[in-house]
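I opened my notebook to look at how the parts of a protein model meet. Here is what I looked up, entry by entry.

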Amino acid sequence: MLEIDDLLESELAGFVKKCLRHRAPDPAFHAIQGHNPALSKALYIAWGTVFNTGAIDHELKEIIRVQLSRAALCNY
Amino acid sequence: MRSASAKRNGLTEERIDEGIDNWRDSDEFTDAEKLALEFSELMQFEPEKIDDAFYARLGEHYSTPEMVELGVFIGFNVGYHTFFRTLDFYPMFTPDGRLVSQEESRRIYGETPVSHRDDRVVRALAESMEDVDDRPGR
């Protein structure tokens, strides 16, 4: 797992700062996927687009996100 | 951790728990919201039940682009949480918004995910805050 300080010095810095500001996804998103930076960027943009934009209520999506986390026994 | 904007807009832990544990019987969700929560639950546990009839029900409340949005969002998160679980890592943020080590996060959140209102999480979070307050210079 990559460290936040290292990520903030990397090409993913802008994306990590957004995670720190918005808190979802947690910065661990890049701490894991940052081992493959191009993929981490692309997935952040895709995931963020569907989470933060669109017609479906954002709060409902947040409930679904937590619902699925608990269902998968994933604390993330 | 929770979405900062969702929290700012008034989403509470009580509503999250209601949406997960009691959406079927709850008066706090519209029929459309309940259907979205059912969609998500079925995608996780019984995807074979999501058939033409289910999509027809979904279509009574959501447009086709909205159904795609919901399906992609749910699909992303089913996959991500399944993958991330295998890595056994924890949020870097505590429920009260502090960045902590993986060890501290594990101590707060516990082995399996539960409500942030759960006594164990509340107690662990309070202990974690005491540790912060006890640091030299504070």
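How many salt bridges does the rule find across the interface of chain A and chain B?

**Ground rules.** This is a predicted model, where local features need pLDDT of at least 70 and side-chain atom pairs count only at pLDDT 80 or more, while totals for chains, interfaces and linings use all residues. Residues are numbered from 1 along each chain as its sequence is written, chains are lettered from A and ligands numbered from 1 in the order in which they are written, and side-chain values use heavy atoms, leaving out hydrogens and water.

**Chain A with chain B.** I found two salt bridges across this interface; the rule asks for a side-chain nitrogen of Lys or Arg within 4 Å of a carboxyl oxygen of Asp or Glu. I looked up the pair A:Lys61 and B:Glu69, which forms a salt bridge with its closest N and O atoms 2.6 Å apart.

I then turned to the contact, meaning heavy atoms within 4.5 Å. Chain A gives 44 residues to it and chain B gives 55 residues. I also noted 17 residue pairs in polar contact between the two chains, both residues being at pLDDT 80 or more. A polar contact is a pair of N or O atoms within 3.5 Å; within protein, one must be able to donate a hydrogen and the other to accept it, and residues adjacent in sequence count only if both atoms are side-chain atoms.

The size of an interface is often given as the accessible area lost when the parts come together. Chain A and chain B bury about 4,600 Å² between them, 71% of it on carbon and sulfur atoms. This buried area uses a 1.4 Å probe and is summed over both parts.

**Inside chain B.** I read off domain 1 (1-89) and domain 2 (90-138); such bounds come from an automatic or database domain assignment. Their C-alpha centres lie 26 Å apart. These two domains of chain B bury about 760 Å² between them, with 49% of it on carbon and sulfur atoms. B:Met1, B:Asp17 and B:Phe89 supply 58% of the area that domain 1 buries against domain 2, more than any other three residues.

I counted two salt bridges here. B:Asp88 and B:Arg106 meet in a salt bridge through their side chains, at 2.9 Å from N to O.

**Cysteines.** How many disulfides are there over all chains? I got zero, a disulfide being a pair of cysteine sulfur atoms within 2.5 Å.
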